[in-house]
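This report covers a helix pair, a loop residue and the chain as a whole.

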Amino acid sequence: MIRLNDITSLVQSYHPKADIELIEKAYVFSAKAHQGQIRLSGEPYLSHPLEVAYILAQLRMDVVCIAAGLLHDAVEDSDATLDEIEKLFGGETATIVDGVTKISKMHFVSKEQHQAENVRKMILAMSTDIRVILVKLADRLHNMRTLGFHPENKQIRIATETLDIYAPLAGRMGINRIKSNLEDLCLFYLEPEIYAKIKDETGQRRGEMEKFMTEVKAILSAKLSEVKIQAAIKARQKHFYSIYKKMVDQDLNVNQVYDILAFRVIVNSIKECYEVLGHIHSIWKPVSGRFKDYISVPKANMYQSLHTTVIGPLGQRMEIQIRTWDMNRVAESGIAAHWRYKEEGSVATKADQKQFSWLQQLLDWQKNLQDPREFLESVKMDLFPDDVYVFTPKGEVKSFPKGATVIDFAYSIHSEIGEKCAGARVNGRMVPLRYQLRNGNIVEIITSAKQHPTKDWLNLVKTPRAKTKIRQWIRTEEREEGINLGRALLEKALQHDGLSQVNVFKSEQVGAVAKELSFHSVEDMIAQIGFGKLSPRQVVGRLKPRIDMEIDRSRGLVSKMVSRFRRARPDHGIKVNGVSDMLIHFAKCCSPLPGEQVVGFITRGRGITVHLASCRHVREADPDRLVPITWEAVGKEAYPATLRVTSVERKGILADISAIISQKDANIIHAEIKTTVDNKGIAFFTIEVESYRQLQEIVRAIKKVKNVLIVERV
């Protein structure tokens, strides 16, 4: 638990002349106000205002702001009054506490009018004294750190609110340390499984990453020392939420995200920033289109830095940021970095605050817009640049995620409009279906009776509503196709057995077979025949006894022989719903192995294709065509797997790796080796193994080989 001395010592480290007495006085008042109160964690309630004050001190805030942090819950959660606080601590402190108290009573859940009014009040509170929102952000950060003591439904509500409102607001104010912390904590509660996967994967790669960071820093340090540039070189792992966003944006698994490290070079002048950039590009090849100059053109929140992405020493992309010490302070603390102390000890003036033009713009909007919902849209367009806001021809505002197309817009109006969407007019100009919406567009949908959704549309849309409606339409169409195909197959099988007179839809005997096979209707059964999930021979076999016809013994004998041949075919130990007599193929996209979590995909005319459960194609597949399967290895079957081994060039290293693969009873069926310009070797080995466990043993053994840096499955 943070103590008062921790706060005052930190404040004196950056402002020796600070009025520590005001902080001590606020501590005593807060302790009395919250006496006897306990948090859900079991700690005294006072621990919370102390933590909030300490976060503000880490942002190098003034004593008034820190005192307000100690007092921020006193009015809401105790008998203390705002008049008391103003009398004892002054008008500035009281104004901040009042603003935080008002924001604390707001809940940003609904998108209706009361939410718009709440956001408006929050912006107005910020305009009175921007330290209001700084205290609120510190308050929210500590509450998120202790959110685990709340029930699950409250965890989800608070985390959603934080991700939607407070994290973007911290980013808009340039306070990246709070923004990143909030986002990671939100990910922990909203996507716990993904958070755990990212944590496990980065944990497993920690040793490799530390080795890589040390090497890159050594190369950079040597180069900058050579040209006599003083610089601090820092390396860090990217935040979990940043990795998660990359996974979502690029449709990757966590083990496919390689650029999870970021390097930062901090120098003394702007001139040296550009010099360092040149030297970095002389060492490593820059990636085209990945250079950004935020020094010449700063971000709206005053962030300045040079960003470049290069091909690093292991042939992988890595991001490097270059900035001065002042830029680094602004990048970490944002708006708080401009709260400079004057000689007399006062803090930022009104003139200082005017440099934040985005806040001034929000204030102007709230004065001019009468409808609070219009104001909310204006705020969101500024705070959340990843959201796109467009207009209907009648002036109604609609919001969409970045990358949404006119198809998303059409489905937002009505599902029938979406299904018949043939194009659109944007600002009076014709555009195709793939056109991505932009802020301020006026969109008019053009429909056609001949138009209908296709599977390609799923790659164009971003909104869950559009994706769901398109999948529903496709499933309905596929069902009709399945029924037509199934009917043809069943009639052909009936004709083959001399039962051509049977009406597949009207026969009572066919209906009885459908019921026996646990189908709701004859149509359902015939559709499954069309989808390849049910053999027409199964239906005919059950139908014959019901219509009391003599079975052709000679043909029965042939059927039995065919059946034996089918069962004699290796099934690899794979069972679908407990049945092993199935036509099985293995997906080449993910090369599954026995022992891994797998799923079956029904492929028309080819039986079941086995994929890894984490395979990208499985995530995009029609869920109706996925079936659970079990896999118990039968005998000594061999399956292909490809490994990529990155190493420092050394004589005999390939022989060592090959020997290990051989010792582990695996066979190399293909090998490809290439060398990078900095004498690194990248080798691809396609090997045959019996199980996932055997592959893991091989990977662990290769990692122990001298000069091997990274071993990963492709």
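## Chain overview

Contact means heavy atoms within 4.5 Å. Among contacts in the chain between residues at least 6 apart in sequence, 65% join residues at least 24 apart. The chain holds 29 helices and 20 strands, taken as DSSP runs numbered from the N terminus (helices H or I, at least four residues; strands E, at least two). Of its 714 residues, 47% are buried, that is, under 20% relative accessible area with a 1.4 Å probe, protein chains only.

The model is predicted: local features need pLDDT of at least 70, side-chain atom pairs count only at pLDDT 80 or more, and totals for chains, interfaces and linings use all residues. Residues are numbered from 1 along each chain as its sequence is written, and side-chain values use heavy atoms, with hydrogens and water left out.

## Helices H3 and H9

The axes of H3 (residues 47–58) and H9 (residues 131–145) come within 9 Å and cross at roughly 125°.

On the H3 side, His48, Glu51, Val52, Ile55 and Leu56 take part; they meet Leu134, Val135, Ala138, Asp139, Leu141, His142, Asn143 and Arg145 in H9. By class, this contact has seven nonpolar, three polar and three charged residues.

## Thr146

Thr146 lies in the loop between H9 and H10 (152–172). Thr146 counts as buried because its relative accessibility is 14%. Its side chain and that of Arg39 are joined by a polar contact of 2.9 Å (a pair of N or O atoms within 3.5 Å, one able to donate a hydrogen and the other to accept it; residues adjacent in sequence count only if both atoms are side-chain atoms).

Notes. Axes are lines fitted to C-alpha atoms, for helices over the stretch in contact, and angles run from 0 to 180 degrees between N-to-C directions. Ala, Val, Leu, Ile, Met, Phe, Trp, Tyr, Cys and Pro count as nonpolar, Asp, Glu, Lys and Arg as charged, and the others, Gly among them, as polar. Buried means under 20% relative accessible area, exposed over 50%, partly exposed in between (1.4 Å probe, protein chains only).
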